[in-house]
Amino acid sequence: MDLRFTDEEIAFRQEVRDFIARELPAETRERMVAGRSPTKQQVVDWQRKLNARGWAAPEWPKEAGGPGWTLAQRYIFREELQQAPAPSPLGFNINMCGPVIIEFGTEEQKKKYLPRMLNLDDWWCQGFSEPGAGSDLAGLKTRAVREGDHYVVNGQKTWTTLAQHADWIFLLVRTDPTAKKQEGISFLLCDMKTPGITVRPIITIEGGHEVNEVFFDDVKIPAENLVGEENHGWDCAKFLLGNERFGQARVGASRERIRRLKVIAQESMDGGRPLMEDPDFRRKVTEIEVELKALEMTVMRVIATESKRKDKKPDPATSVLKIKGTEIQQMCSELLMKAAGPYAWADGDPDEEDGSNEVDVAPDWAFGLAGVYFNWRKQSIYGGSNEIQRNIMAKAFLGL
Amino acid sequence: MDFDLTEEQRLLQDSVARLLGDKYGFEQRKGYMKSADGWSREVWSQYAELGLLGLPFGEDEGGFGGGPVETLIVAEQIGRYITLEPWMSTVVIGGGFLRHGASQELRNELVPQVASGEMLLAFAQVERQSRYDLFDVATTAKRDGDGWVINGRKGYVVHGDSADRLIVTARTAGDRRERKGIGVFLVDAKGPGVERRGYRTVDGQRAAEVELSGARAVAVLGNPEDGLPLVDQVVDECIAALAGEAVGAMQAVHDMTIDYMKTRQQFGRPIGSFQALQHRAADMLVALEQSRSMSYFAAMSAAERNPVERRKAMAAVKVQIGRSARFVGQQSVQLHGGIAMTIEYAAGHYFKRLTVNDAMFGDADHYVRDLSETGGLVAAA
């Protein structure tokens, strides 16, 4: 048992850190430090810089255009991006649709889509959830009927994150309504400019425009856009969701938020002294730091066991990552908001460009902290709600 | 980064698990508890045969040559079977003081006796007013010729009643709560000026109240004018071992709870089929896995050379493990229902050990305060 990073891994971390320090535009970083989402252009520019360096898709194998990193390198890379903070490679492209195409796609599909995904020439979005299919995803109803060399798609997707930016959507559709729930589903790729698609914004409680409804009205999708076999789309979906394993822990991101929290709590006054000197507040911060340290060690364990394992059965620790990772992030956002005191409450209208909701009221560090708090309640709902994670744990690991 | 055990470590784990599996059934444990010592001399001699009593000492001095990972492995098994023998007191704490504080001469004398099981040690540190502060010491040590004479009272001396030697913290200079001026002394537990009153603790272990009136130290451990850093180091190593013990106990009682949920029938079906209970069991698993991670962090940090960083790490370990032990202990009883309220059922005994484990050398609340006052784990940016 050796729980340290190797010298090579430590050197790699430094290389990543240096690259970020050199290449990340100050405006992007400052915007993210303030708790705001990077703009579309900032995400695109950064992804292209990463791509030029060969780092656009940390998890992809070399032959698909990835750097061919070990799990430890991938973890270090993502942690450094989160800590900087810098935009992560666009998840829809790099962690969701890309890996599905690499695993299940044809050679033509790989050639056509992967390079453009890496360079963010195409922004992808995810068409999974429907009004009637949330946690019970396999209950989805969007219908695709094969007509000659096309599928004709009718139905509605929802919670489609950043569909307003998207050039393409990957979606689950029902191709055999007579089969058992999971067995009549297919995985399709669709150009967002195809006639019959309507994107309608959903404004979330904090006032931001991040998610959308996407309507399909007789949308013709070429049959060659089917990934894998018809009626076997559920395999793609399970594979895609399984890939989210480490992503949701976001240890680096939480560490960055705690650093930020300590800065703000030093500037914010309470009872005539900096809030950070209040023992009760300080202890709350400490409790999160401790949870985060345990989570970090759990991530390490998962990485260490996954890199050796032949079978693809998940480690019990993996469900811990989602539950604890999101709980910690939510706690961070709550303490940040509280630290801002009355300055947390300024509200505004969503920004057309990035969907965020900010107004200019002093002091700088208070901007949008309440918005992030309200917005981050989504974390324990998406990606398999934390209750679904507990169901998984009870069934898969405890045999209940 | 590698969390796998080496072949040797796996052998160690298997041999301890086999011994305790054989010797530490619930009924056997009850028998040991009722015996005169409150634990088993027979099991103790088998510990010696397996090398567990010489675990942390170098092979050149007759030890096993184990480090923090080996200690973690043994401690986890000890927690799994909630054993009663004075392993933590004698080997982890006593061994720690011998390794970090004893002269070569003293080591030559005592290490073979500890490793063979003949020498039992206990740490006499707690005082009425000290609660969890290691530096709060009223007991005094005064020079007398080339030796030291000790006066004072020590409480909750774990396994103090069966110990052959006591490791006593005593003030050689300064005021009661000063960090300087604390010495660590080895005292013959059966010698003149030492009075012991043994008693059983709620977790089935033994402890003693110790009255020291003019007791002569047989040896000094470390610097008698500035022994607190030595105490901190040994206690930190013990916290890492206690983390392992807690994880072992949590695993055992969680397994027991899950088994019970699968067999206990109510409303015509196993209670484990109810989602409210499933989610509680899942939350217990989250707490357990986070604790296991933290026990690895503890083992990794036990050898940390910077004492400030080491203390912070152990504070974090105490907080996380203490909170988890409380939750897992309480919920194991809750999910079992009435049966776990009976003294005839094992779950309650795990709950009690976990409760005491949290409080050893300071509970989670104590260390939250400590860690928050020293700046926490993450530096501000």
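Before anything else, a note on terms: helices (H or I, at least four residues) and strands (E, at least two) are DSSP runs, numbered from the N terminus.

**Entry 1: ground rules.** This is a predicted model, so I keep in mind that local features need pLDDT of at least 70, that side-chain atom pairs count only at pLDDT 80 or more, and that totals for chains, interfaces and linings use all residues. Residues are numbered from 1 along each chain as its sequence is written, while chains are lettered from A and ligands numbered from 1 in the order in which they are written.

**Entry 2: UniProt spans in chain B.** I looked up what the UniProt record says; its positions are given in the numbering used here, feature names are shortened, and annotations may be inferred rather than shown by experiment. An unreviewed entry lists "domain: Acyl-CoA oxidase/dehydrogenase middle" for residues 122-209 of chain B. I found that span to be 0% helix and 51% strand, with its end C-alpha atoms 12 Å apart. The annotation "domain: Acyl-CoA dehydrogenase/oxidase C-terminal", also from an unreviewed entry, covers residues 240-363 of chain B. There I get 77% helix and 3% strand, and the end C-alpha atoms are 14 Å apart.

**Entry 3: domains of chain B.** Domain bounds come from an automatic or database domain assignment. Chain B splits into domain 1 (7-119), domain 2 (122-225) and domain 3 (229-373). The C-alpha centres of domain 1 and domain 2 of chain B are 23 Å apart. Where do they touch? 13 residues of domain 1 of chain B are in contact (C-beta atoms, placed from the backbone, within 7 Å) with 16 residues of domain 2 of chain B. On the domain 1 side, helix α5 (residues 87-101) of chain B gives the most, with five residues. That side divides into eight nonpolar, four polar and one charged. For the classes, Ala, Val, Leu, Ile, Met, Phe, Trp, Tyr, Cys and Pro count as nonpolar, Asp, Glu, Lys and Arg as charged, and the others, Gly among them, as polar.

**Entry 4: helix α9 of chain B.** I followed α9(B) (residues 307-336): it has 30 residues and reaches 42 Å from its first C-alpha to its last, close to the 44 Å expected (1.5 Å times one less than its number of residues). A residue is buried if 20 or more other C-beta atoms lie within 10 Å of its own, exposed if 12 or fewer, and partly exposed in between, with C-beta atoms placed from the backbone. In α9(B), 22 of the 30 residues are buried, so the helix is largely enclosed by the rest of the structure. P307(B) lies in this helix and counts as partly exposed because it has 13 C-beta neighbours inside 10 Å. Leaving out residues up to four places away in sequence, P307(B) touches P229(B), D232(B) and Q233(B). After α9(B) comes G337(B), with a positive phi near 85 degrees.

**Entry 5: strands in chain A.** Two strands pair if DSSP finds at least two bridges between them. Strand β7 (residues 209-222) of chain A pairs antiparallel with β3 (residues 150-157) of chain A over seven bridges; in that pairing G155(A) partners F216(A). Seven bridges also join β7(A) to β6 (residues 197-203) of chain A, again antiparallel, and P201(A) stands opposite N212(A). β6(A) and β7(A) form a hairpin with five residues between them, and G207(A) in the turn has a positive phi of about 95 degrees.

**Entry 6: chain A meets chain B.** I get 41 residues of chain A in contact with 36 residues of chain B. On chain A's side, α9(A) gives the most, with 16 residues.

Technical notes
Contact = placed C-beta atoms within 7 Å.
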